[in-house]
Amino acid sequence: LIAMLALTAIMTSCTKYEEGSKFTFLTAKMRMVGEWTVTNITYDNNDVTSSYPDISISIKDDQTYSLKWNYGAFSLTETGAWAFNADKTTFITTSSNNVVTERTILMLKNKMVKLKELDGNGLSTVWTLEQ
């Protein structure tokens with residue numbers, strides 16, 4: 001009974017992210033690595049998904065990534081490196097042309113990730129990725 005109460009207390013206080021699971025056996029890296037599709041984009045709390053092309057992101061175990069934007073017959077690919085900050089609450093990408101982007105992790109589940117990026121005006125874009 002004591003062990004069960006202790007486990008319950010730990011599980012309710014272990015969350016790093018605003019949304020998502022409070023407890024998991026998978027590491028943050030294990031949950032982040034994979035083939036992702038952007039399924040929803042909000043800007044300043046407005047759904048702008050339909051304004052964006054088909055976007056897919058391959059996040060690899062060797063801490064590289066490849067992002068592909070499909071505009072019908074035209075596509076654009078960006079490659080680079082990725083990392084977490086020290087406490088794994090921020091996802092940082094450095095593109096091959098050295099553009100660094102930091103996104104706060106709102107949710108990090110095995111099959112769903114939500115990342116928030118702030119623009120120069122303090123407005124946020126929230127990207128929802130699913131496998």
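**Asn 98 and the strands around it**

Modeller: Let's start at Asn 98, which sits in the loop between β6 and β7; strands here are DSSP runs of E with at least two residues, helices are runs of H or I with at least four, and both are numbered from the N terminus. The model is predicted, so local features need pLDDT of at least 70 and side-chain atom pairs pLDDT 80 or more, while totals for chains, interfaces and linings use all residues. Residue numbers count from 1 along each chain as its sequence is written, and side-chain values use heavy atoms, leaving out hydrogens and water.

Colleague: Why does Asn 98 count as exposed?

Modeller: Exposed means over 50% relative accessible area, buried under 20%, and partly exposed in between (1.4 Å probe, protein chains only). Asn 98 has 62% relative accessibility, so it counts as exposed.

Colleague: And what makes its phi worth a look?

Modeller: Most residues other than glycine have a negative phi. Asn 98 is not a glycine, yet its phi is positive, about 65°. It takes that value in the hairpin of β6 and β7, which has 4 residues between the strands.

Colleague: How do you know that β6 and β7 pair?

Modeller: Strands pair if DSSP finds at least two bridges between them. β6 and β7 have 5, in the antiparallel sense. In one spot, Phe 91 stands opposite Arg 103 in β7.

Colleague: Which strand does β7 join through a hairpin of 3 residues?

Modeller: That's β8, residues 112-118, which runs antiparallel to β7 with 4 bridges. Met 107 has Lys 114 in β8 as its bridge partner.

Colleague: Back to phi: what makes Lys 88 stand out?

Modeller: Lys 88 has a positive phi near 60° and isn't a glycine. Its place is the loop between β5 (74-84) and β6.

Colleague: Is Lys 88 buried, exposed or partly exposed?

Modeller: Its relative accessibility is 34%, so Lys 88 counts as partly exposed.

Colleague: What about Gly 72: why is it called exposed?

Modeller: Gly 72 has a relative accessible area of 76%, so the label is exposed. It lies in the loop between β4 and β5. From Gly 72 to Asp 54 is 18 residues in sequence and 8.5 Å in space, C-alpha to C-alpha.

Colleague: How do you know that β3 pairs with β4?

Modeller: 6 bridges join β3 to β4, and the two run antiparallel. Ser 56 stands opposite Lys 68 in β4. Their hairpin has 4 residues between the strands, and there Gln 63 takes a positive phi near 65°. β3 also pairs with β1 (residues 34-43), antiparallel over 4 bridges, with Gly 34 opposite Ile 59 in β3.
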